[in-house]
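Okay, thanks everyone, I'll keep this short.

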Amino acid sequence: MVKGILKILVLPVLLVLVIAGMVMNIGIKAYCLASAIVLKILALCALIAVCTSQWQPLMIIGIMIAIGIVIAYGASFIMAQIEICRDSLCGYLRT
């Protein structure tokens, strides 16, 4: 009896996780498109900074690239956690 009630209560949580996963997936795809353009521009600026020996702007560009990588890693980590929770709840519903 209690297990049946818990399974009913898990359904809305599962629905929220599925919707959050879809939204994150769309967001990650949009971020990838935008960041690809930005990284190409930053790479060109870094090349110009190296050729003209402007080391301080090169350091700033490096920090900007590192921040972009950290954001991408954080988004992928959150997406992985959402998928793990969703899969474990689906497994609970199957039992």
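So, this is a predicted model. Start with helix α1, residues 2-51: at 1.5 Å a residue, its 50 residues should span 74 Å, and the end C-alpha atoms sit 69 Å apart, which agrees.

Now, which residues of α1 are buried? They are Val10, Leu14, Leu17, Gly21, Ser35, Leu42, Ala46 and Ala49. Have a look at the spacing while you keep this in mind: an α-helix has 3.6 residues a turn, so residues three or four places apart point the same way. As for what covers those buried residues of α1, that includes α2, residues 55-94.

Let me pick out one from that list, serine 35, in helix α1. Serine 35 counts as buried because its relative accessible area is 17%, and the cut-off for buried is under 20%. What does its side chain reach? The side chain of serine 35 gets to the backbone oxygen of cysteine 32, at 3.3 Å.

Last stop, another serine. Serine 53 is in the loop between α1 and α2. Just after α1, serine 53 takes a positive phi of about 55°, although this residue is not a glycine. For context, most residues other than glycine have a negative phi. Buried or exposed, or in between? Serine 53 is partly exposed, with a relative accessible area of 46%.

That's my bit, happy to take questions.

Notes: Residues are numbered from 1 along each chain as its sequence is written. This is a predicted model: local features need pLDDT of at least 70, side-chain atom pairs count only at pLDDT 80 or more; totals for chains, interfaces and linings use all residues. Side-chain values use heavy atoms; hydrogens and water are left out. Helices (H or I, at least four residues) and strands (E, at least two) are DSSP runs, numbered from the N terminus. The expected span of a helix is 1.5 Å times one less than its number of residues. Buried means under 20% relative accessible area, exposed over 50%, partly exposed in between (1.4 Å probe, protein chains only). Contact means heavy atoms within 4.5 Å. A polar contact is a pair of N or O atoms within 3.5 Å; within protein, one must be able to donate a hydrogen and the other to accept it, and residues adjacent in sequence count only if both atoms are side-chain atoms.
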